[in-house]
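Please look at the model first.

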Amino acid sequence: MVVGGLLAVAYACTMTRLWDASQAVAVRQAASASSDRPGKFADLSEMRTVQETILELARSQQVIASTLQNVDGETANPPSTKAVDQFRERLRMSPPGGAEFGKTEVFYLSVKDPDRQRALQLVAQLCQQLDLRLRELRSDQARGLIIETKAQLKA
């Protein structure tokens, strides 16, 4: 029992403590021809698809690298593969207490880091980078739709 207690104390003293910073994010459908209610999703599967897209973008190399570079002030040098992988492990997206993912328009993005201030900066910067990347994605989709429509009109 004494040995177990000593091991527990040693572990508690040497383990890395992580701060968890969270940011609530609300998702709404900005433009949807499938919905008769502006700003609302046609059904839950559409909302789940959007949330899964956001999660994939949050875990993408581009978003993570930009987040780490801006927080660490090293915009000239890309972060190491180890730093990106560690960020992915410490990134979490979850619904509000007790809800099921994809059934509510609100979810939380959380990032863990040993430094409290850096954790706060990481989650804030992650949200900014996600916003930028989502805007680019919507712009690319709109551009593709315009090209398809022009091609159909010419045919």
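Which residues does Gln129 touch, not counting residues up to four places away in sequence? They are Val63, Ser66, Thr67 and Asn70, where touching means heavy atoms within 4.5 Å.

## Basis of the model

This is a predicted model, in which local features need pLDDT of at least 70, side-chain atom pairs count only at pLDDT 80 or more, and totals for chains, interfaces and linings use all residues. Residues are numbered from 1 along each chain as its sequence is written, and side-chain values use heavy atoms, with hydrogens and water left out.

## The sheet

Three strands form an open sheet in the order β1-β3-β2, with antiparallel pairing. Strands are DSSP runs of E with at least two residues, helices are runs of H or I with at least four, and both are numbered from the N terminus. Two strands pair if DSSP finds at least two bridges between them. The edges are taken by β1 (19–26) and β2 (91–94), each with a single partner strand, so one side of each has no neighbour in the sheet. Direction ignored, neighbouring strands of this sheet are turned by 20° against each other on average.

Eight bridges join β1 and β3 in the antiparallel sense. Ala26 stands opposite Val106 in β3. Helix α5 (residues 116–154) packs on the sheet and touches β1, β2 and β3. The direction of α5 makes about 135° with that of β3; axes are lines fitted to C-alpha atoms, for helices over the stretch in contact, and angles run from 0 to 180 degrees between N-to-C directions.

## Two buried residues

Ser110 is found in strand β3 (residues 106–113). With a relative accessible area of 1%, Ser110 is buried; buried means under 20%, exposed over 50% and partly exposed in between, for a 1.4 Å probe and protein chains only. Not counting residues up to four places away in sequence, Ser110 touches Asp20, Ala21, Ser22, Arg90, Leu91, Arg92 and Val123.

Gln129 lies in helix α5. Its relative accessibility is 11%, and Gln129 therefore counts as buried.
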